[in-house]
Amino acid sequence: MSRTPQGQRASLDKQPHEVAAMFDGVAARYDLTNTVLSFGQDRSWRRATRAALDLRPGERVLDVGAGTGVSTEELAHSGAYAVGADLSLGMLHAGKRSRPAVPLLAGDALRLPFADASFDAVTISFALRNVNDTDAALRELARVTKPGGRLVVCEFSTPVNPAFRTVYLSYLMRSLPAVARAVSSNPDAYVYLAESIRAWPDQAALAARIGAAGWGRVGWRNLSGGIVALHRATRA
Ligand SMILES: C[S@@+](CC[C@H](N)C(=O)[O-])C[C@H]1O[C@@H](n2cnc3c(N)ncnc32)[C@H](O)[C@@H]1O
């Protein structure tokens, strides 16, 4: 496999239309596959994301890379007005069918269809890793957030315990693609998932990038031993 000068695999450097096409291909069984591959833990990660956003009834929150709206629906339980945006029409259509009450829009994280300072809070769950310019996406999230507004990034991260990290990386690279072949409509997308998780910055490195993109008071909390991290920040 070829590598870029930064040492990343070239296949991870997908253009937006390739990312959208990949998610179109998994949309039909996305929610089920997610729950199976995460051993059902995705539900508690979503609840933790909602809690970290500290939403109040009547606030406006944007969920970028919302996919089928599974993450957006959880946010609405707070009483805030939650809207999702995504690049993949296949994911949005699947969401419209399974969650007709959740407002979902077509939109690119790098050019969001909203005015400056439109939201009290913004969030992105398991999607920042897929956007092909992470820093530009973090800046664009800051643009649509009110001064003092909150950001929560929910993303796969680096397990903190070295022994557990070894077992987990082996699950990612060997077992996850095999399980995906049994349950997903597009197993290749889950090979990409495993490789993109391995190439993603760890907790401290991501925090530094969030801070450099117009966000202050950046911190994080590990979930499931660091399989997932919630990064929280405030619009400077
Ligand atoms: C793994 S899914 C996450 C869906 C949902 N947030 C969740 O928690 O299950 C990643 C989503 O990010 C979307 N995505 C990737 N690049 C994007 C971009 N540039 N703008 C908007 N959405 C994007 C994909 O289409 C896909 O639906």
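This is a predicted model: local features need pLDDT of at least 70, side-chain atom pairs count only at pLDDT 80 or more; totals for chains, interfaces and linings use all residues.

Colleague: Which residues touch the most other members of the largest nonpolar core?

Modeller: In soluble globular proteins, nonpolar side chains tend to be buried together. Here the largest nonpolar core has 40 residues, and those that touch the most other members are V61, F156, L176, Y190 and V228. Helix 8 makes the biggest contribution to this core, six residues. Another core lies apart from it, with 26 residues, including A85, F114, V122 and I210.

Colleague: How should I read a pocket, and which residues are the closest to the centre of the largest pocket?

Modeller: A probe the size of a water molecule, rolled over the atoms, shows where empty space is left. The largest pocket holds about 460 Å³ of space. It is lined by 28 residues, and L37, F156, L176, L193 and I197 are the closest to its centre. Two or more lining residues come from each of helix 1 (16–26), helix 2 (30–37), helix 3 (42–53), helix 7 (162–183) and helix 8 (188–199). Helix 7 gives the most, with six residues. By type, the lining has 21 nonpolar, four polar and three charged residues.

Colleague: How many cavities of 30 Å³ or more does a search of the whole structure find?

Modeller: The search finds two. The largest cavity has about 350 Å³ of space. Its lining has 29 residues, with F23, G65, D86, A127 and N130 nearest the centre. Helix 1, helix 4 (70–76) and strand 2 (81–86) each give two or more residues to that lining, and helix 1 has the largest share, four residues. The lining divides into 16 nonpolar, nine polar and four charged residues.

Colleague: And what lines the second largest cavity?

Modeller: That cavity has about 30 Å³ of space. R46, T49, S71, E74, L75 and S125 line it. Helix 4 gives the most to this lining, three residues. One lining residue is nonpolar, three are polar and two are charged.

Colleague: Which residues does UniProt list for "binding site"?

Modeller: An unreviewed UniProt entry lists T68, D86, D108, A109 and S125 under that heading. The lining of the largest cavity includes T68, D86, D108, A109 and S125.

Colleague: Is A109 buried or exposed?

Modeller: A109 counts as buried because its relative accessibility is 9%, and the cut-off for buried is under 20%. D108, at 24%, counts as partly exposed. D108 is in the loop between strand 3 (104–106) and strand 4 (119–125), and A109 is also placed in the loop between strand 3 and strand 4. Beyond four places in sequence, A109 contacts V64, V131, A137 and E140.

Colleague: Which residues of helix 6 are buried?

Modeller: An α-helix has 3.6 residues a turn, so residues three or four places apart point the same way. Helix 6 (residues 134–143) is mostly covered, with seven of its 10 residues buried. They are T134, A136, A137, L138, E140, L141 and A142. The buried residues of helix 6 pack against strand 1 (60–64), strand 4, strand 5 (145–156), helix 9 (203–212), strand 6 (215–223) and strand 7 (228–235).

How values were computed
Residues are numbered from 1 along each chain as its sequence is written. Side-chain values use heavy atoms; hydrogens and water are left out. On a 1 Å grid over the protein atoms alone, a cavity is a set of points where a 1.4 Å probe fits but cannot get out, and a pocket is an open set with protein on both sides within 12 Å along at least five of seven lines; lining residues have an atom within 4 Å of a point. Grid points are joined across faces, edges and corners, and a volume is the space filled by probe spheres set on the points. Ala, Val, Leu, Ile, Met, Phe, Trp, Tyr, Cys and Pro count as nonpolar, Asp, Glu, Lys and Arg as charged, and the others, Gly among them, as polar. UniProt positions are given in the numbering used here, feature names are shortened, and annotations may be inferred rather than shown by experiment. Buried means under 20% relative accessible area, exposed over 50%, partly exposed in between (1.4 Å probe, protein chains only). Contact means heavy atoms within 4.5 Å. A nonpolar core is a set of buried Ala, Val, Leu, Ile, Met, Phe, Trp, Tyr and Cys residues joined through side-chain atoms within 4.5 Å.
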